[in-house]
Amino acid sequence: MAPPRKTSTAEARALERARDLPNARTATDVESLRRSFLDHLQFSQGKDEHSETALDRFFALSYSVRDRLMKKWIQTQQAYYHSDAKRIYYLSLEFLMGKALENNLINLGLYDGVKEGLRAIGVEVADLFGQEPDAGLGNGGLGRLAACFLDSMATLALPAYGYGIRYEFGIFDQDLRDGWQVERPEEWLRFGNPWEVARPEYEVPVAFYGRTEGSHDESGKYRVRWMDARHVLGTPYDTPISGYRNGTVNTLRLWRARASEEFDLADFNRGDYLAAVEEKNLSENISKVLYPNDLTVMGKELRLQQQYFFVACSIHDIVIRHLKTHEGFDTFADKVAIQLNDTHPAIAIAELMRVLVDEQGLEWESAWETCRSVFGYTNHTLLPEALERWPADLFGRVLPRHLEIIHEINRRFLAGLRESEVDQGAAARMSIVEEGHVRMANLAVVGSHSVNGVAALHTELLKTDLFKDFHALWPERFNNKTNGVTPRRWIVQANPELAHMITEVIGPGWELDIDELHRLEPLADDQAFRRRFREVKRGNKEKLAEIIQRQNLITVDVNSMFDVQVKRFHEYKRQLLNVLHIVALYLRIKADPSYQPVPRTFVFGGKAAPGYAMAKWHIKLINSVAEVVNHDIDVRGRLAVVFIKNYRVSLGERIFPAADLSEQISTAGKEASGTGNMKFTMNGALTIGTLDGANVEIREEVGPENFFLFGLTVEQVKELKRRGYDPWEYYRQNRELKAVIDAIAGGTFSPGQPRLFQPVVDSLLNGGDQYLCLADFASYVQCQEEVSKTYLDPERWTRLAILNAARTGKFSSDRTIRQYADEIWGVSPVKVG
């Protein structure tokens with residue numbers, strides 16, 4: 001990498017003066033904003049009023065906003081440099097950012113000025129938001145949490161960087177064909193991305209495969225060289241992350257893979273056109289798709305390549321940045337904190353050891369102490385299949401040097417356990433390498449100074465179950481950091497009518513301190529405020545009803561209860577339990593036409609992983625039930641079922657504010673935290689849920705009387721499974737449950753294919769009902785009856801909804817990030833400007 005050109009003193013002063021002068025690219029008055037938009041329309045897009053399209057207008061406005069970000073972005077980096085601040089580097093395989101334009105307008109305080117300026121020339125700013133694709137570089141809660149954390153880190157003025165992969169195709173676009181999920185590529189970069197800045201001058205070479213060779217150098221020190229490797233180049237693309245009206249603009253750096261030699265002219269001239277670009281295609285596959293299907297060996301290999309690729313690029317970047325201003329690594333742990341967002345980036349521990357030992361020449365003990373001091377590990381799952389276990393032969397073939405390093409880490413770790421007289425069983429469970437597999441979660445725990453869960457219950461289960469032996473060894477490493485979400489995105493942007501109403505009654509400032517929402521509590525007893533709250537909710541329901549009408553061709557009753565479950569599809573999240581209840585209500589109406597349940601519109605949304613067959617069956621079942629229910633005149637006006645396809649961040653911004661009831665019904669002990677539950681509660685939805693994940697803390701905060709609780713507890717789940725759970729027992733003893741399953745099995749929702757849903761039925765009755773849908777069915781149905789009774793009293797329901805929204809202060813990601821900064825990272829705010 002070429003060294004940066006030295007700037008003369010005169011040039012530096014001229015640049016500084018230029019940065020300080022107001023100009024059309026940084027001014028924020030209405031006229032300057034309008035002028036900037038028109039300039040970009042002409043000079044960036046090459047269009048005039050006769051040829052411009054809505055997409056051109058979106059890009060022109062985005063470039064205008066980016067201009068105003070750029071100055072603050074540079075100032076932020078200069079402030080970090082001059083203060084020599086300790087920095088936090090957040091490594092995540094997912095960043096589910098959603099759309100950026102509206103969020104940046106809000107955070108920069110430009111929304112009203114841009115709206116006025118564009119309206120004067122006949123352009124409605126809200127019409128441009130739809131032109132921006134969602135940046136879907138994540139699969140669900142993990143990636144959206146990372147995005148909320150970036151927002152909070154910038155808003156709290158913390159010197160922070162996000163690192164991930166610039167996937168060419170993010171989470172797939174979901175289509176439905178005859179009720180089945182069909183995946184299509186998500187072409188979020190099809191028209192370009194106005195927010196990112198390519199930095200090819202900072203490309204990083206990344207090695208794969210090859211072999212290692214050890215030898216002694218001239219000083220007699222043993223060295224290992226990684227030889228005959230295949231190299232890929234990582235090109236960084238930077239995206240500015242604006243804080244909320246504080247002048248801070250942090251960086252999200254995403255890496256794109258490309259070949260070190262993209263085109264073989266000799267092969268091309270011989271007529272072998274495929275071979276000529278083979279290296280290019282193989283290299284670019286690494287950053288091609290988020291989560292390639294890993295059911296095949298090749299898919300597993302690509303997943304491992306992805307994880308190492310972005311980690312290697314990021315560690316290189318971190319080390320180079322440190323060495324620009326510091327000699328050696330004595331102060332590295334004082335200036336660097338690296339947070340692993342789940343287990344995917346755990347290979348970063350072995351990579352930093354490789355860099356420190358092989359490239360920088362540190363002794364092993366010094367390198368290891370440095371390594372453990374900088375890394376923190378956030379665990380996001382209790383599910384064994386999500387904890388990353390790599391076959392050692394695959395790992396060693398792709399990353400031969402890293403397997404050696406991991407073996408050495410493990411050898412030293414186990415030797416220490418023997419010295420501490422830890423029993424062999426515990427040592428075997430904690431070993432990083434076991435039965436031909438590398439256990440990445442164990443590497444993350446051993447190589448980090450902090451291990452945190454993401455909800456109080458989840459952290460307790462880490463201590464007592466998943467990492468019990470580690471906790472006994474190092475209790476001081478374990479801590480809890482309950483997740484949170486940013487109120488700027490999920491109230492101010494997603495629910496502007498509610499945000500305006502809140503500001504009217506308690507004043508501004510709550511956007512940065514949502515504990516202030518507690519001041520709404522007395523208004524829950526104010527009839528006029530309850531009426532306004534209901535009007536806002538109804539307006540949001542009408543907007544969602546329009547989306548449903550447009551997309552699903554179904555007219556839903558906005559007076560009905562909007563009963564919503566939107567989240568990634570997984571059996572433990574129990575969308576299936578929700579469907580069983582819907583079928584029960586449907587059968588009640590069919591059996592007794594006079595039965596009048598509270599009218600409900602059941603709304604589902606979410607994607608199943610391409611290789612997750614049973615989750616796809618559940619999506620098909622929901623759509624088949626919807627097809628029957630929505631076309632049955634006997635239930636019209638009483639039940640409606642809607643599956644909104646292609647659930648994503650921007651769709652969530654319409655759904656959360658419209659929900660009356662939030663379904664958080666996972667099997668107790670399976671959900672680490674959940675963040676959708678927090679977004680629903682912030683927007684005044686009531687929750688029906690189990691004592692799982694952050695539900696426990698939401699119930700504590702809003703009050704048990706304002707939360708609809710059902711189902712087995714973690715302890716009861718364990719006891720039931722210990723005794724031997726027999727789903728047939730519940731099927732035989734509960735007549736309504738039996739009727740529901742018989743209807744699904746008998747073809748009520750698949751006329752012409754009566755045994756279509758036998759795989760679903762078998763998973764419940766013959767497959768052990770792993771997630772206890774049948775065991776919790778009766779409790780769930782009974783709790784839903786209580787929900788219905790409460791909804792029949794609009795004043796009481798609204799009062800509970802207001803109290804839910806008012807008591808969500810704990811669930812701001814600002815609170816979460818403050819705790820990370822104070823208790824794990826040791827990072828302090830840096831004032832910009």
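## Basis of the report

A polar contact is a pair of N or O atoms within 3.5 Å; within protein, one must be able to donate a hydrogen and the other to accept it, and residues adjacent in sequence count only if both atoms are side-chain atoms. This is a predicted model, in which local features need pLDDT of at least 70 and side-chain atom pairs count only at pLDDT 80 or more, while totals for chains, interfaces and linings use all residues. Residues are numbered from 1 along each chain as its sequence is written, and side-chain values use heavy atoms, with hydrogens and water left out.

## The surroundings of N646

N646 is placed in the loop between β22 (639-643) and α26 (649-655); helices (H or I, at least four residues) and strands (E, at least two) are DSSP runs, numbered from the N terminus. The side chain of N646 makes polar contacts with two side chains: that of D173 at 3.4 Å and that of K607 at 3.1 Å.

N646 counts as buried because its relative accessibility is 12%; buried means under 20% relative accessible area, exposed over 50% and partly exposed in between (1.4 Å probe, protein chains only). Contact means heavy atoms within 4.5 Å. Apart from neighbours within four places in sequence, N646 is in contact with F172, D173, Q174, K607 and L651.

Six of the six residues of strand β13 (residues 336-341) are buried, so the strand is largely enclosed by the rest of the structure. On one side V336, I338 and L340 are buried, and on the other A337, Q339 and N341 are buried. In a regular strand the side chains alternate between the two faces of the sheet.

Two strands pair if DSSP finds at least two bridges between them. Strand β1 (residues 87-91) runs parallel to β13 and is joined to it by five bridges; L91 has L340 as its bridge partner in β13. Strand β14 (residues 375-378) is also parallel to β13, with four bridges, and its residue F375 stands opposite I338.

## Salt bridges

A salt bridge is a side-chain nitrogen of Lys or Arg within 4 Å of a carboxyl oxygen of Asp or Glu. The whole structure holds 60 salt bridges. One of them joins K620 and D178, with the closest N and O atoms 3.8 Å apart. This pair links distant parts of the chain, since K620 lies in helix α25 (residues 613-630) and D178 in the loop between β5 (173-177) and β6 (180-184), 442 residues apart. K620 counts as buried at 6% relative accessibility, whereas D178 counts as exposed at 62%.

R574 and D776 form another salt bridge, at 2.9 Å between the closest N and O atoms. R574 lies in the loop between β20 (561-566) and α24 (575-591) and D776 in helix α33 (residues 773-791), so the pair ties together parts that are 202 residues apart in sequence. Both R574 and D776 are buried. A network of salt bridges links R199, D238, R253, D317 and R321.

## Aromatic groups

Rings of Phe, Tyr and Trp (its six-membered ring) pair if their centres lie within 6.5 Å; planes under 30 degrees apart count as stacked, over 60 as edge-to-face and the rest as tilted. The count comes to 31 aromatic pairs. Among them is the tilted pair of Y111 and F129, with 6.1 Å centre to centre and 45 degrees between the planes.

One aromatic cluster consists of Y377, F413, F467, F470, W474 and F478.
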